[in-house]
Amino acid sequence: ELLLHLAVLRLNKMITESGGKIFTSNGKYADFDATVEKCQEAGGSIATPRSPGENDAILHFVKTHNTYAYLGIKQSLIPGKFQFLNGAQLSYTNWYSNEPAGKGEEECVEMYTDGTWNDKRCNKNHLIVCQF
Ligand SMILES: [Ca+2]
């Protein structure tokens, strides 16, 4: 029954899959900290692309809602250098041209509707996309 449920979600593009991960959105909006919290509450974590395929899987929701989403990537202690939330080095990046350009002022990362990334302040209201 769970498999059937997943198949229906997949068919309706309520979930996308890549790299063994499932991505989904509840269609709600939140700032970065609240997005991290909501995804954890749901038993997952904030969407964190580690490959072009995973980036596309997240982009599906950004495009469908025609808005931006925060990613599970944050500035390190070095201004302008970004890393995964656990401190690990990024394995893949898809920065918009000339980004990141926040010079330390933009500690979070948002995905644009073309799938590219921009460093941004963490207090914007963006689409919640989680991974499981
Ligand atoms: Ca920026």
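Threonine 67 is buried, because its relative accessible area is 15% and the cut-off for buried is under 20%. The model is predicted. Threonine 67 sits in a loop, with helix H3 (52-64) on one side and strand E4 (69-75) on the other.

What is threonine 67 in contact with, leaving aside its neighbours within four places in sequence? The partners are Tyr29, Val62, Met111, Thr113 and Leu127. Isoleucine 128 is 61 residues from threonine 67 along the chain, yet the two C-alpha atoms are separated by 10 Å.

**Disulfides**

How many disulfides does a search of the whole structure find? There are two. Counting bonded cysteines along the chain, the pattern is 1-4, 2-3.

| Disulfide | S to S distance | S-S torsion | Handedness |
|---|---|---|---|
| Cysteine 39 – cysteine 130 | 2.0 Å | about -85° | left-handed |
| Cysteine 108 – cysteine 122 | 2.0 Å | about 100° | right-handed |

Take the bond between cysteine 39 and cysteine 130. This pair links distant parts of the chain, 91 residues apart. Cysteine 39 belongs to helix H2 (residues 32-41), and cysteine 130 to strand E8 (residues 126-131). Is each end buried or exposed? Cysteine 39 has 0% relative accessibility, so it counts as buried. Cysteine 130 has 8%, so it counts as buried too. The S-S torsion of cysteine 39 and cysteine 130 is about -85°, and the disulfide is therefore left-handed.

Now the bond between cysteine 108 and cysteine 122. With 0% relative accessibility, cysteine 108 counts as buried. The torsion about the S-S bond of cysteine 108 and cysteine 122 is about 100°, so this disulfide is right-handed.

**The annotated domain**

Which residues does UniProt assign to the feature "domain: C-type lectin"? The record, an unreviewed entry, places the feature at residues 39-131. Over residues 39-131, the chain is 17% helix and 28% strand. The end C-alpha atoms of this stretch are 8 Å apart.

Conventions:
Residues are numbered from 1 along each chain as its sequence is written. This is a predicted model: local features need pLDDT of at least 70, side-chain atom pairs count only at pLDDT 80 or more; totals for chains, interfaces and linings use all residues. Side-chain values use heavy atoms; hydrogens and water are left out. Helices (H or I, at least four residues) and strands (E, at least two) are DSSP runs, numbered from the N terminus. Buried means under 20% relative accessible area, exposed over 50%, partly exposed in between (1.4 Å probe, protein chains only). Contact means heavy atoms within 4.5 Å. A disulfide is a pair of cysteine sulfur atoms within 2.5 Å. UniProt positions are given in the numbering used here, feature names are shortened, and annotations may be inferred rather than shown by experiment.
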